Amino acid sequence: MNKTQKIESMMEVVRILVGLVIAYAVALAILFAISEDPIYIVQQFVLGPFSSPRRIGTIINLAIPFTICGLSMCFMYAVNKFNLVGEGIFMLSACMVTWVSILLAPMNLPSVVMVPVMLIVAMLTGIAVSFIPAIMDRKFNANVVVVSLMLNSVIQSLATWILRYQMRDSSIAYLGSLETPASIQLPKIFGSFRIQSGLFIAIICVVVVAILFYKTAFGWKMRLVGANPRFATAVGLSAVSISFIAQLAGGAFAGIAGATEMMSNYTRFQWTTTTQHGFDGLLVAVLAKKNPVLVPIGALFLAYIRIGADVVNTSGDIPTEFVTVIQGIIILLVAAESFLSGTKNKLIFKAAEKEEKAKEAKAA
Amino acid sequence: MAEVMRMQDITKIYPNGFVANKDITFAVGEHEIHALVGENGAGKTTLMKILFGMEAPQEGKIFINGKEEKIANPLDAIAKGIGMVHQHFMLVPSLTVAENVTLGAEPMKNGLFDFDGAVKATQEIADKYNFNVDALQKVSDLSVGQMQKVEILKALYKGAKLLILDEPTAVLTPQETEELFEQLFKLRDSGVSIIFISHKLEEVMRICSKVTVLRHGRCMGSMDIAGLNEAAISKLMVGRDVVLKIDKEAPKLGKPVVEIQNVVKINSIGKNVLDNVNFTIHEGEVVGIAGVEGNGQTELSEVLAGLSSFASGDIKLNGQSIKGKTVREIRDQGMAYIAEDRMVEGVAGDMSIKMNIVADRFTKPDFKKGMFMDAKKINDIADQYIKDFEILCDSKDQPVRMLSGGNIQKVVVAREFTSGANFILACQPTRGIDVGTAEMIRKTIVKKSREEGTATLLISADLNEVLECSDRLLVMRKGKIAAAFPKANEVSEETLGEYMLGVKEMTQEEMEGLL
């Protein structure tokens with residue numbers, strides 16, 4: 001029994017490593033095929049992201065929204081409701097934060113008041129939006145995936161409408177909102193690394209979600225409902241309302257992610273399409289196996305390969321699109337739980353056989 | 001009369017060591033409706049799966065029309081003239097009757113599916129055997145009885161000469177059953193042999209000419225129906241392999257704990273799956289429910305556990321009605337529930353042993369410390385129960401799915417026996433687990449009733465278990481209580497079998513005072 005568990009956890013690591021190796025091998029093969037100078041490109045792809053403090057900082061900055069979006073998806077994933085509305089929430093919450101901050105600007109409130117207020121606005125936005133697919137799932141058994149994807153287009157148009165008709169700055173040549181008050185613009189930290197102070201928000205979020213998942217009754221409820229909803233019902237938990245609340249909580253974190261991105265990187269809201277962050281959050285949650293503690297690692301990894309692609313793109317003859325291919329392979333191999341399961345079962349079988357023989361020898 | 005099919009000395013042992021069939025010989029003649037009867041788990045389904053090519057036996061031969069054949073898979077079986085109608089229909093609801101019937105052997109025209117040809121062919125067979133179905137109708141618009149006809153047509157279209165019907169009347173109304181029998185007679189007369197699997201002895205007596213009885217994977221004999229009666233068949237079907245004994249003193253009955261009053265539950269097709277059920281369980285007694293599976297036991301347990309609702313009547317637990325209450329409320333009122341299928345409702349396999357043990361109680365205030373869970377208290381409880389119930393594991397943090405069946409069931413009972421409830425609803429508590437664990441669970445059930453005054457409802461397909469653990473014994477059939485006995489260990493298997501299979505039924509007066 002003990003051995004079985006060891007083999008299971010060992011194979012989990014091996015599986016992810018083999019997945020990564022295969023993905024890199026494919027990437028290298030493609031590079032060798034399409035590049036004039038593959039060795040240089042490979043070097044750039046693997047080491048490029050670490051070649052300057054600025055680039056390392058960019059990895060971390062990119063990992064910040066990935067982390068918070070990943071946490072958001074952990075809630076959905078934990079209760080097995082693939083509510084993908086995080087994508088829309090990310091955009092709408094950035095939009096709402098901008099709008100509310102512009103409306104509050106005349107009051108000249110200090111940062112210590114404004115930033116928390118903005119985060120609350122973002123969370124309320126997230127909860128309100130994810131309420132729609134969640135309630136439709138609960139009351140009408142409407143598929144959350146379909147509803148949330150459709151809702152994302154609605155939200156995109158809504159955010160664009162707010163931008164165009166409620167807060168457009170007509171004095172600039174492009175489509176953008178009025179400038180946000182300085183009190184909500186988060187500073188950069190660590191000198192030449194130029195890391196966003198949103199990092200602290202992300203760290204706090206990870207700690208809060210990890211505690212929520214593993215130390216509180218609600219986290220236990222969510223995990224039980226996700227693992228076996230019929231069992232959860234039979235021991236007296238309300239599977240329906242728990243997964244409903246989990247979706248709202250996930251929405252709140254997607255809201256925080258959008259607000260953090262807005263306050264850290266922009267002085268005007270200027271998105272007219274959604275930003276893929278919500279879907280990246282899903283990738284991160286899958287990579288982290290819905291464990292909030294592992295979410296930052298998944299997020300950093302995703303950010304690292306994205307920056308690698310950017311570096312290759314600017315310094316060589318390779319289009320960024322190729323990174324999508326590698327990404328796809330990695331996610332596929334990491335998410336495919338049965339990958340290498342044959343090897344795993346063989347190992348378990350051998351271990352069991354060995355144990356039996358040992359027992360027999362002992363008996364003899 | 002020539003034999004169309006003969007299975008000779010079939011032995012099938014599953015990888016987990018379960019002997020499903022042992023040296024079974026079974027032959028079907030021409031123009032014959034042959035009944036295959038036996039309790040759940042007697043090996044009927046396995047035997048038919050072997051005949052239909054879905055399972056490979058370890059030993060034995062199969063002869064079709066006197067010639068030895070190997071049946072590799074269901075397609076092979078169909079090619080050899082064997083057709084099977086499964087208990088759960090295998091139809092595509094969004095397609096028409098004709099499309100379903102011809103699926104797999106479609107008539108073609110110019111390399112494309114010939115829909116008109118399919119309709120024509122289907123209608124021809126349907127008319128030939130007097131099957132009143134419209135080939136152009138969509139399957140989703142049909143009644144259950146008509147769907148079954150489509151299933152039979154499917155087999156006939158593919159040229160079946162031997163038709164296996166697995167409990168065909170279980171889903172039918174009495175009128176539909178009559179109609180089905182008429183058609184079976186017609187099929188028999190036109191040269192199709194039929195294997196009729198059923199628990200309903202009156203049907204077997206009515207339509208079959210021969211019967212083969214299986215018990216615990218062994219063949220108890222094949223006989224002509226003429227000259228047999230239902231009691232004789234039931235005696236062969238129901239019996240115990242090894243008689244198990246549990247020593248227990250007479251129960252000291254206290255106040256009523258569970259009062260079930262005129263409970264009726266109607267399922268989605270309008271059948272009364274619980275039909276005016278009435279009985280009471282007192283403090284300190286174990287009430288057993290025996291019965292062929294599918295006679296309302298599952299529905300009764302779901303209703304009692306608060307997992308499904310009922311149409312009328314009332315259930316009181318410790319004096320309060322449970323009607324419309326949530327599972328949480330019913331559990332707080334004093335119910336503990338050992339679910340029929342432990343992997344579905346008994347545990348969350350991916351979660352730790354610890355979480356599974358406290359799953360029913362961690363939300364309560366005494367498991368909290370401020371905002372958080374009281375980790376120390378939970379760990380202590382888990383360690384204690386792992387020790388008390390001798391759960392073999394590495395640690396309390398191990399996922400439950402890594403344990404053996406018996407140890408998983410120990411996790412379930414560790415939770416349910418310690419929940420503080422005074423009513424334990426135990427459904428198939430020892431199904432598929434090792435002898436040692438089964439004994440521990442049975443003894444604990446009896447011990448709790450004697451020492452703590454727990455009221456227990458034991459629903460089990462294991463005759464040993466219901467006869468030995470229970471004080472009072474009830475038999476369920478067709479959603480009703482068909483019999484009641486004051487002392488379970490004095491009931492003979494023969495008598496029990498007769499009531500389980502509907503050979504006899506007690507009147508309300510006979511059961512007076514025993515419910």
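## Exercises on chains A and B

Between chain B and chain A about 2400 Å² is buried, with carbon and sulfur atoms giving 69% of that area; buried area is the accessible area (1.4 Å probe) that two parts lose on being put together, summed over both. This is a predicted model in which local features need pLDDT of at least 70 and side-chain atom pairs count only at pLDDT 80 or more, while totals for chains, interfaces and linings use all residues. Residues are numbered from 1 along each chain as its sequence is written, chains are lettered from A in the order in which they are written, and side-chain values use heavy atoms, without hydrogens and water.

**Exercise 1.** Identify the partners in the salt bridge between chain B and chain A.

*Solution.* First, the count: there is 1 salt bridge between the two chains, meaning a side-chain nitrogen of Lys or Arg within 4 Å of a carboxyl oxygen of Asp or Glu. Then, the partners: Glu345(B) pairs with Arg230(A), and their closest N and O atoms are 3.0 Å apart. Helices here are DSSP runs (H or I, at least four residues) and strands are runs of E (at least two), numbered from the N terminus.

**Exercise 2.** Work out how the buried and exposed residues are arranged on helix α4 of chain B.

*Solution.* Step one: α4(B) covers residues 115-128 and reaches 20 Å from its first C-alpha to its last. Step two: Ala118(B), Val119(B), Thr122(B), Ile125(B) and Ala126(B) are buried, that is, under 20% relative accessible area, with exposed meaning over 50% (1.4 Å probe, protein chains only). Step three: down the helix axis, the buried residues of α4(B) fall within an arc of 140 degrees, so they line one face; the arc is that of the directions from the axis to the C-beta atoms. Step four: the face turned away carries the exposed Asp116(B), Lys120(B), Asp127(B) and Lys128(B). Step five: the cover over the buried residues includes α3 (97-102), β8 (112-113) and α5 (144-157) of chain B.

Note on methods. Expected span 1.5 Å × (residues − 1). Contact = heavy atoms within 4.5 Å.
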